[in-house]
Amino acid sequence: MKAAKIALIGGDGIGPEVVREGKLLLELLREERNLPIELWELDLGAERYLRDGTTFPPEVRVAIQRECAAVLLGALGDPRVPGMEHARDIIFGMRQGYDLFANVRPCRALSDRLVPLKGRAARDVDFVVFRENTEGIYVGMGGQFKRGTPDEVAINEDVNTRKGVERIIRAAFEYARAHGHDTVHMADKSNAMRHAHELWLRVFDQVSREYAPGIKGKHVYVDALCLYLIQDPSQFRVIVTNNLFGDIVTDLGAALQGGLGMAASANVHGSERGRVAMFEPVHGSAPDIAGKGVANPFACLLTVGLLLAHLGYPEEERIIEAAVARAIDGQQCTRDVGGALGTQAAAAWVREEIRRTFRALRLGHGRERLAPRCAPLSDSERCWSPRRWRPPRPRRPRKNRSPSPSPPR
Ligand SMILES: NC(=O)c1ccc[n+]([C@@H]2O[C@H](COP(=O)([O-])OP(=O)(O)OC[C@H]3O[C@@H](n4cnc5c(N)ncnc54)[C@H](O)[C@@H]3O)[C@@H](O)[C@H]2O)c1
């Protein structure tokens, strides 16, 4: 079997520190499970940009697209590059360049003690956000006029296309169907952004009808969503929203699961085989703690889990998640999640725990080690694998559609 090539980009700040641990985890799994994977380390980020002006060379962009199954990215953003030129080229070069339209961010608490809400437990925090990843306010359209004068004007355009809106909404419904969820919430601000978000509302309504009655589409204004996520996060399973709101809401989601050090994400283009996908922890480069050896590596390790599930190894994802959950329970973790270990020691504990799991499995017991104790979910719910979706193909609107069409085939 041809090895799946995985590009590793540490990037800036704590990015290289956590990607180093992600790489060691991938090497361990390759060895223990004979995974056919090949790792390719790339020197990209602020250091490289400041050294020779390189951001994301076209030949690298094309090589990743042609040769790689996945990219693991740490984080980008460095105070020495205030214009973020390198970060924009690399992140948008992949998200938009490879048309990775779905930014999928699972918000799942792995331990009761990580949930900051009074009277709530880990079982109450288990939802996935589908963030549109290629449009919205992030396209960089706009400009400044009369800059630096008292009359200056600054404009950023919010771009929403029918195709872009429909495919992310469809992806959320496909995911809900594949994982047996009965509700998809769509968050917008259509009461204020009457043109752009009326499109979201209309498309959501149309797509929801196709998935009814099995899956219910519920509309929520994004401000109310923030309120409800704090009051009762257990009512949410799948949330779909635009690029900007998804960025913000998933930081709130990260807070519910224990902080940015616990939040993983995937950037995918549906479930097509042979198409490169990009995986990154939700956190940024955290310049305030960079180089101190205290960054939480678990977001990156959980991101490796998403990556492996995407490549067709969902059991490996469960093994990683269960080991991280046990590290949290046993306080074998960094200080942001209540432990006292450094980045390397926390990640090494998880690797050792995974080795223990494999030893137990080889001896014919230890299946119980695969499941996080805090999340009594079925296998299909627990493992996140976009391969399980059917590709969300855009459908042509049918003429004379009845008000409540039959469920999709
Ligand atoms: N996708 C990305 O690469 C990405 C995402 C967000 C922000 N950024 C960039 O990162 C830089 C810093 O941004 P920011 O400070 O707003 O966000 P940030 O996520 O880097 O940090 C926010 C806070 O969370 C803490 N934190 C983040 N990750 C942590 C971890 N793994 N362990 C422990 N604590 C952690 C930080 O110390 C900081 O206090 C900026 O340049 C920003 O543009 C990049």
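# Close-up views of a predicted model

**View 1. Helix α7 and its buried residues.** In helix α7, which runs over residues 222–231, the buried residues are Val-222, Leu-225 and Leu-229. As in every view here, the structure shown is a predicted model.

**View 2. The whole protein chain, as a setting for the other views.** The secondary structure of the protein chain consists of twelve helices and twelve strands. Of the 409 residues in the protein chain, 47% are buried. When contacts with a separation of 6 or more are considered, 75% of those in the protein chain are between residues 24 or more positions apart.

**View 3. The largest nonpolar core and Val-71.** The largest nonpolar core contains 108 residues, and Val-71, Phe-130, Ala-172 and Val-324 are those with the most contacts inside it. Helix α9, residues 298–310, gives the most to this core, contributing ten residues. Once its neighbours within four places in sequence are set aside, Val-71 is in contact with Ala-7, Ile-9 and Ile-64, and also with Met-94, Val-276, Met-278 and Phe-279. As a general background to this view, nonpolar side chains tend to be buried together in soluble globular proteins.

**View 4. Helix α9, from its length to the glycine that follows.** The 13 residues of α9 should span 18 Å at 1.5 Å a residue, and the end C-alpha atoms of the helix are 18 Å apart, which agrees. Of the 13 residues of α9, 13 are buried, so the helix is largely enclosed by the rest of the structure. After α9 comes Gly-312, which has a positive phi near 105 degrees.

View 5. The buried residues in α11 are Thr-343, Ala-346, Ala-347, Val-350, Glu-353, Ile-354 and Thr-357. Around the axis they cover an arc of only 115 degrees, which puts them on the same side of α11. Arg-359 and Arg-362, by contrast, are exposed on the other side of α11. The cover over the buried residues of α11 includes α1 (15–33), α9 and α10 (314–329). α11 is followed by Gly-364, whose phi is positive and near 90 degrees.

**View 6. The shell around the ligand.** There are 19 residues around the ligand, and of these Gly-77, Gly-261, His-283, Gly-284 and Asn-296 come nearest. Sorted by class, the shell around the ligand has ten nonpolar, six polar and three charged residues.

**View 7. Loops with particular backbone geometry.** The loop between α6 (196–211) and β9 holds Pro-213, and a cis peptide bond with an omega of about 5 degrees joins Ala-212 to Pro-213. Met-84 lies in the loop between β3 (68–75) and α4 (85–95), and although Met-84 is a residue other than glycine, its phi is positive, near 55 degrees. Met-84 has 14 C-beta neighbours inside 10 Å and therefore counts as partly exposed. Asp-99 sits in the loop between α4 and β4 (102–108), and its phi is likewise a positive value near 55 degrees in a residue other than glycine. Because 14 other C-beta atoms lie within 10 Å of Asp-99, this residue is partly exposed.

View 8. Val-104 belongs to strand β4, and with 26 C-beta neighbours inside 10 Å it counts as buried. Although Val-104 and Val-129 are 25 residues apart in sequence, their C-alpha atoms are 5.8 Å apart in space. Ser-190 is placed in the loop between β8 and α6, where it is partly exposed, with 19 other C-beta atoms within 10 Å. Leaving aside its neighbours within four places in sequence, Ser-190 has contacts with His-197, Glu-198, Trp-200 and Leu-201. Ser-190 and Leu-201 are eleven residues apart along the chain, and 7.3 Å separates their C-alpha atoms.

Note on methods. Residues numbered from 1 in each chain as written. Predicted model: local features only at pLDDT ≥ 70, side-chain atom pairs only at ≥ 80, totals over all residues. Core = buried A, V, L, I, M, F, W, Y, C linked by C-beta atoms within 7 Å. Buried ≥ 20, exposed ≤ 12 C-beta atoms within 10 Å, placed from the backbone. Helix = DSSP H or I, 4+ residues; strand = E, 2+ residues; numbered from the N terminus. Contact = placed C-beta atoms within 7 Å. Near = placed C-beta within 6 Å. Nonpolar A, V, L, I, M, F, W, Y, C, P; charged D, E, K, R; others polar. Expected span 1.5 Å × (residues − 1). Arc of directions from axis to C-beta.
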